[in-house]
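This briefing goes through one protein–RNA model by topic. Please keep the sequence and the 3D view open while reading.

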Amino acid sequence: MPRLTEYLLPTEREAPADAEAISHRLLVRAGLIRQVGAGLWTWLPAGWRTHQRIVQVIREEMDAIGAMEMLMPILQPAELWRRSGRYDGFGGELFKLRDRKDTDMVLAPTSEEVITTHAATLIRSYRDLPRVLYHFQTKERDEPRPRAAVLRSREFVMKDSYSFDRDRDGLDVSYERHARAYDRILDRCGLEWYSVEADVGAMGGFGAHEYMAPCPAGENDVVLAPGYAANLEVAAAAPQPVELPSALAAPEQVDTPGMTTIAQVAQALGLPEGALLKAYPVVLPDESLALVMLRGDHRVNDIKLGLALGSPFRQASAEEIERRLGPPGSIGPVGAQTRIILDDAVVAGAGAYVVGANRPDCHLRGVVPGRDFAFERGDVREVVAGDTVSGHRVRIERAIEVGNIFKLGTRYSDVLGASYLDQAGAARPVWMGCYGIGPARIAAAAIEQFADERGISWPRAISPFAVHLVTLGKDGSEERELAERVYDELVSAGVDTLYDDRDAGPGEKFADAELLGCPLRVTIGRRTLQSGEIEVQVRRGQEARALPLEGAAAAIAELWHHAA
RNA sequence: CGGGGCGUGGCGCAGCCUGGUAGCGCGCUCGCUUUGGGAGCGAGAGGUCCCGGGUUCAAAUCCCGGCGCCCCGACCA
């Protein structure tokens, strides 16, 4: 157990000028990490202690569901990635390099290719299934924009596990087990968290959940209602109603000189923005145009739109819009010779909308979908706060994604030849799932969620130390002797203790202790000698208690185990 | 990839516009004092001013090119 005079804990009074996120500022200030380059960070000793505590929690819960720890290399042959289609399909985030024999290699951002290749030769019979394998390994991703220190870095440790099952039902079981293990991991790490429905991504799949830790520095938006939680990327909800003007016998042209935005037109006509329809023109892979129509107060969700279209798409350029429909700013569905997707939030028949007229400076009102233009339906809009799920209004909040679980199916086993013989002797593809969780993000999320103006406040399970022992006495003083004794007792009692034995003033020591954020701070000074009591401060809430000097170490150990 | 900003001792910054050979606070070292909320006095150490080129008698400062880092957006198995 370290004495601060012999330990590397370079605390700083001021955060780096360019650090914005709380976790970034505090990780650096508390002496837990240092930067090496963009998205590249060194974990210093105390920081690594926290990281390793999180790793151990994850390890215990993975082992508890029968998963087997192993280790696969970071440096991998490009050939495997070519076979899976991800050598080019992964995008610019994949680090590519050559070895001395000029063989193409990659630095692995994840390990489906390698694990599936092993499965192809090591798993032969239905008797070999199910299996769950995992490792903690450094991941390499050439992120376009690393940010907020360890929140999004280019190199980080991730636990990734892979399940192998005989069939879809087996995968469901493995998936569910992982979900429960992740629940326990995040509970034990002391985070506020929830799991949300997630996008299955471009690689396909049969289901996915993300584990989210709410905090403002997060990069994801989560839609929440009682009994409902989903990533904004895939969330669906009932729209807030909008009062529509009644239909006209036929669409009627209105002049809207110079008005090219929903807000301008709505205001000029005295209508709510939701009574207008905005058009979002997209180009499909065959170069055909499709017009997505949704309420003026709503926005397109590109992921949901992609799912609804069933194909990739891109936004039409201004030039394409001009040439094939009309002037951007007043395009609309009436008379348009394109496929039209009408968002589910748009009602058909109960009123009329205002749409672009495909002519400059005018719109059409009294337009009734179905009567005035044909359409296909689709839920393609982004949920907004105030929409409802099962009658409950949703709210949207920011969160850090700390883990995810994903039903892969046979996408990798098919292309990498991972099959087994069933009881009838027939070859069948192995059904796979993959499951990731990031210790660094858990640490950062814990800081974000519990820090106060004085610094970090670690959840007990992941604090670098249980007790931060502060001695105020000068070397050789009576109170220093006492502190030394209590320190020895704490160490003997098995309490992880950081002992601040520096010859520094009390203000500096207290400030450093609160910055580092261990759950308990124990102070021994002259007062202790006078009162015969040791002061213990609980970091969360700064509650102070006094413990009798006699048997103090045991009482502190007790406090740590039960009350902290 | 688009937009914005910043590179000067370990950290935070000034100096740059108007060229004259680098300064402040904190930290660090030594001494003395101080010791329950970042204490005081004194003496010190420490800098290729991001890199390269150019202009000039002279460049941290002006010009050109490059590199690095941060923030916002796009992207993100």
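A pocket, as the word is used here, is an open set of grid points with protein on both sides within 12 Å along at least five of seven lines. The model is predicted. In it, the largest pocket holds about 1,400 Å³ of space, and 49 residues line that pocket. Chain A has 564 residues, of which 52% count as buried.

**Chain A overall**

- Chain A contains 15 helices and 31 strands.
- Along the principal axes, the C-alpha atoms of chain A fill a box of roughly 95 × 65 × 45 Å.
- Taking the contacts in chain A between residues at least 6 apart in sequence, 69% join residues at least 24 apart.

**Largest pocket**

- The volume of the largest pocket is about 1,400 Å³.
- Phe90, Arg141, Glu210, Glu401 and Asn404 are the lining residues closest to the centre of the largest pocket.
- Two or more lining residues come from each of helix H4 (86–89), strand S8 (155–165), strand S10 (207–214), strand S23 (395–409), strand S26 (431–437) and helix H11 (439–450).
- S23 gives the largest share of this lining, with 9 residues.
- By class, the lining of the largest pocket comprises 24 nonpolar, 12 polar and 13 charged residues.

**Second largest pocket**

- The second largest pocket has about 360 Å³ of volume.
- Its lining has 23 residues, and Lys278, Ala279, Tyr280, Gly329 and Ile331 lie nearest the centre.
- Helix H7 (262–269), strand S14 (277–283) and strand S18 (353–359) are the elements that give two or more residues to the lining of the second largest pocket.
- The largest share, 5 residues, is from S14.
- The lining of the second largest pocket divides into 14 nonpolar, 7 polar and 2 charged residues.

**Cavity**

- The structure has 1 cavity of 30 Å³ or more, and the largest cavity has a volume of about 30 Å³.
- The residues that line the largest cavity are His468, Ala513, Glu514, Cys518, Arg521, Gln537 and Arg539.
- This lining splits into 2 nonpolar, 2 polar and 3 charged residues.
- Glu514 of the cavity lining is also one of the residues that come nearest to RNA strand B.

**Surface near RNA strand B**

- There are 44 residues around RNA strand B, and Arg141, Pro506, Glu514, Arg527 and Glu535 come nearest.
- By class, the surface near RNA strand B has 22 charged, 15 nonpolar and 7 polar residues.
- Strand S1 (33–37), helix H13 (506–516), strand S29 (520–524) and helix H14 (526–531) each supply at least two residues of this surface.
- H13 supplies the largest share, 7 residues.
- Of the RNA strand B atoms within 4 Å of the protein, 51% belong to sugar or phosphate, and the rest belong to bases.

**Individual side chains and RNA strand B**

- Arg141 has a polar side-chain atom 2.3 Å from a base nitrogen of RNA strand B.
- Arg141 is also among the residues closest to the centre of the largest pocket.
- For Arg454, an N or O atom of the side chain is 3.2 Å from a base nitrogen of RNA strand B.
- For Glu93, a polar side-chain atom lies 3.5 Å from a sugar or linking oxygen of RNA strand B.

**Thr11**

- Thr11 is in the segment before helix H1 (22–29).
- Apart from its neighbours within four places in sequence, Thr11 is in contact with Arg29, Ala30, Gly31, Asp512 and Leu515.
- The side chains of Thr11 and Asp512 make a polar contact at 3.2 Å.
- Thr11 and Gly66 are separated by 55 residues in sequence and by 41 Å in space, C-alpha to C-alpha.

**Gln542**

- Gln542 sits in the loop between strand S30 (533–538) and strand S31 (543–548).
- With a relative accessibility of 24%, Gln542 counts as partly exposed.
- Residues up to four places away in sequence aside, Gln542 touches Arg454, Glu514 and Gln537.
- Of these contacts, Glu514 and Gln537 are among the residues lining the largest cavity.
- Gln542 and Val347 are 195 residues apart in sequence and 55 Å apart in space, C-alpha to C-alpha.

Methods
Residues are numbered from 1 along each chain as its sequence is written. Chains are lettered from A and ligands numbered from 1 in the order in which they are written. This is a predicted model: local features need pLDDT of at least 70, side-chain atom pairs count only at pLDDT 80 or more; totals for chains, interfaces and linings use all residues. Side-chain values use heavy atoms; hydrogens and water are left out. A residue is near a molecule or strand if one of its heavy atoms lies within 4 Å of it. A polar contact is a pair of N or O atoms within 3.5 Å; within protein, one must be able to donate a hydrogen and the other to accept it, and residues adjacent in sequence count only if both atoms are side-chain atoms. Helices (H or I, at least four residues) and strands (E, at least two) are DSSP runs, numbered from the N terminus. Ala, Val, Leu, Ile, Met, Phe, Trp, Tyr, Cys and Pro count as nonpolar, Asp, Glu, Lys and Arg as charged, and the others, Gly among them, as polar. Contact means heavy atoms within 4.5 Å. On a 1 Å grid over the protein atoms alone, a cavity is a set of points where a 1.4 Å probe fits but cannot get out, and a pocket is an open set with protein on both sides within 12 Å along at least five of seven lines; lining residues have an atom within 4 Å of a point. Grid points are joined across faces, edges and corners, and a volume is the space filled by probe spheres set on the points. Buried means under 20% relative accessible area, exposed over 50%, partly exposed in between (1.4 Å probe, protein chains only).
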